[in-house]
Amino acid sequence: MVSGRNHLKNVCVIGAGPAGLVAARELRKEGHEVVVLEQNHEVGGQWLYDPNVEGEDPLGRNNFLKVHSSIYESLRLTSPREIMGFTDFPFLIKKGRDMRRFPNHRELLLYLQDFCDKFGLREMIRFNTRVDHVGMLDYGVIDKEFKWLVRSKEKNNDQKVVEEVYDAVVVATGHYSKPRLPSIKGIGTWKRKQMHSHIYRSPEPFRNEVVVVVGNSLSGQDISMELVEVAKEVHLSARSSNISEGLSKVISKHQNLHLHPQIDNLQEDGEVVFVDDSSIVADTVLYCTGYSYAFPFLDTKGIVVVDDDRVGPLYEHTFPPSLAPSLSFVGIPRKIIGFPFFESQAKWIAQLLSGKRTLPSWDEMMKSINEFYHSRDVAGIPKYNTHDIADFEYCEKYGDYIGFPHLEEWRKELCLSTLKNADVNLETYRDSWDDDEMLQEALQSPHFTQLGIED
Ligand SMILES: Cc1cc2nc3c(=O)[nH]c(=O)nc-3n(C[C@H](O)[C@H](O)[C@H](O)COP(=O)(O)OP(=O)(O)OC[C@H]3O[C@@H](n4cnc5c(N)ncnc54)[C@H](O)[C@@H]3O)c2cc1C
């Protein structure tokens, strides 16, 4: 069914990271009028590295953060480049750039900039524009279609406030900025340095220090590995002693890297006490404890809430049943191959807004959400992991709603082989691997040959 012009909407996309960029492209492709509001001066989202973290609360407790990107200077991708690209725009190796399979963060920014140029996306983006309020107009008024009021401010000029009305809003603001902090006795009164990895940029400021790194996730491991080179001692506090083979190897290699259980409390004199009653005196506590979902600008009158990191209710992690499709979220799921998934979300939103497709009834969407919550509860998955998908089949089922192609076998296999390699060879997995055969298959697939030969 082809939609008529009267189905086309005036849509505001918030955020020009990977999710917002692909959303804007798909919405425009469908014929909608699109404005992207982006608080930063450039596209890229997390991949727009920001060395200037002065002025940010070290624990990121402000409602609106000053710094968006949590990327540190040395960061190299944890996923191989070939699995990352949007379906019609492979993340190719370019001469004169970082040609590695797991390149530095700058290379991904360049890829996103190339994506913008290729599809002419910049003209839709209003930079240095921070959204501070999104609210409903005429919600619940009988016989009136409700709209969205979006209020934004020019960055560094609080006086310049702009209010606009849109038919629909797509939230693509990311979720790797707002620090998630553990509750530890003494965290509020600790007098020495403490910070979240959100503002960690490089190891140099920790030279000769005794540092406690809390959390052995990807960032916790990466940061510990570079800190051991300059710090006097690094104490890694992990939730479980059941750590990966790769991390065990790193710990046994470095005499100044020690593994501890969780912290019990922090003492005002600098003592850090662990739950096994051991303790050390530290200069700094660095929390690599992950990030929380936060939408400080969004006022849905309580219809969409963030409860212990569950954003809900959201049908298929995308649509609040009472407000869909005029309000949608792109990029909420974690532990997926991100970019193609964002692309499938964007296509679905665009086609729902144009009326080409329809959502199930409110009752059916709520039933699906509640069944999903129940299945997670039964599986013992904590609420704060609601959006951790880690399931290719889910992504494929999601794509089926709009006839989006399934993930190629090579994408799945290269993702799994990388996870396995990282688990065993934490220090070297970005430079040495044994999935070359599958890699060659990938590089000869239509995904990589679709644009013709590049430089
Ligand atoms: C340390 C680290 C390492 C990572 N490594 C990988 C990796 O190797 N591979 C991988 O696939 N992913 C990785 N990620 C995940 C990464 O976040 C995603 O790849 C991707 O950036 C998510 O895209 P997004 O568009 O959803 O969000 P973001 O990239 O966060 O973009 C959101 C955009 O919204 C803008 N914005 C936010 N609030 C407002 C507002 N109020 N008004 C206007 N604009 C606003 C921001 O400025 C930003 O430009 C990593 C993340 C981190 C933090």
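In strand E6, Val-162 is the bridge partner of Ser-152. The model that shows this pair is predicted. Strand E5 covers residues 147-154. E5 and E6 run antiparallel and are joined by 7 bridges.

These strands belong to an open sheet of 3 strands in the order E4-E5-E6. The pairing is antiparallel. E4 and E6 (157-166) are the edge strands, and each pairs on one side only. Direction ignored, neighbouring strands here are turned by 20 degrees against each other on average.

## The ligand shell

H1 gives the most, with 3 residues.

The shell holds 32 residues. Those that come nearest to the ligand are Gly-15, Gly-17, Gly-45, Gly-174 and Gly-331. What is the make-up of the shell by class? There are 16 polar, 14 nonpolar and 2 charged residues.

## Arg-25 in helix H1

Helix H1 is also the place of Arg-25. Is Arg-25 buried or exposed? Within 10 Å of its C-beta atom lie 26 others. The cut-off for a buried residue is 20 or more. Arg-25 is therefore buried.

Which residues does Arg-25 touch, leaving aside its neighbours within four places in sequence? Arg-25 is in contact with Phe-119 and Leu-121. Arg-61 is another matter. Arg-25 and Arg-61 are 36 residues apart along the chain, and their C-alpha atoms are separated by 34 Å.

## The E13-E14-E15 sheet

A further open sheet has 3 strands, in the order E13-E14-E15. The pairing is antiparallel. The edges are strand E13 (263-266) and strand E15 (279-281), each of which pairs on one side only. Neighbouring strands are turned by 20 degrees against each other on average, direction ignored.

E14 spans residues 271-274. E13 and E14 pair in the antiparallel sense over 3 bridges. Phe-274 in E14 stands opposite Ile-263.

## Positive phi outside glycine

Asp-277 sits in the loop between E14 and E15. Its phi is near 75 degrees, a positive value in a residue other than glycine. Asp-277 has 8 C-beta neighbours inside 10 Å. A residue with 12 or fewer is exposed, so Asp-277 counts as exposed.

Ala-390 is found in another loop, between helix H7 (362-378) and helix H8 (392-400). Ala-390 is not a glycine either, yet has a positive phi of about 45 degrees. Why does Ala-390 count as exposed? It has 11 other C-beta atoms within 10 Å, and the limit for an exposed residue is 12 or fewer.

The bond from Gly-312 to Pro-313 is cis, with omega near 0 degrees. From Ala-324 to Pro-325, the peptide bond is cis as well, again with omega near 0 degrees.

Conventions: Residues numbered from 1 in each chain as written. Predicted model: local features only at pLDDT ≥ 70, side-chain atom pairs only at ≥ 80, totals over all residues. Near = placed C-beta within 6 Å. Helix = DSSP H or I, 4+ residues; strand = E, 2+ residues; numbered from the N terminus. Nonpolar A, V, L, I, M, F, W, Y, C, P; charged D, E, K, R; others polar. Pairing = 2+ DSSP bridges. Axes fitted to C-alpha atoms, helices over the stretch in contact; angles between N-to-C directions. Contact = placed C-beta atoms within 7 Å.
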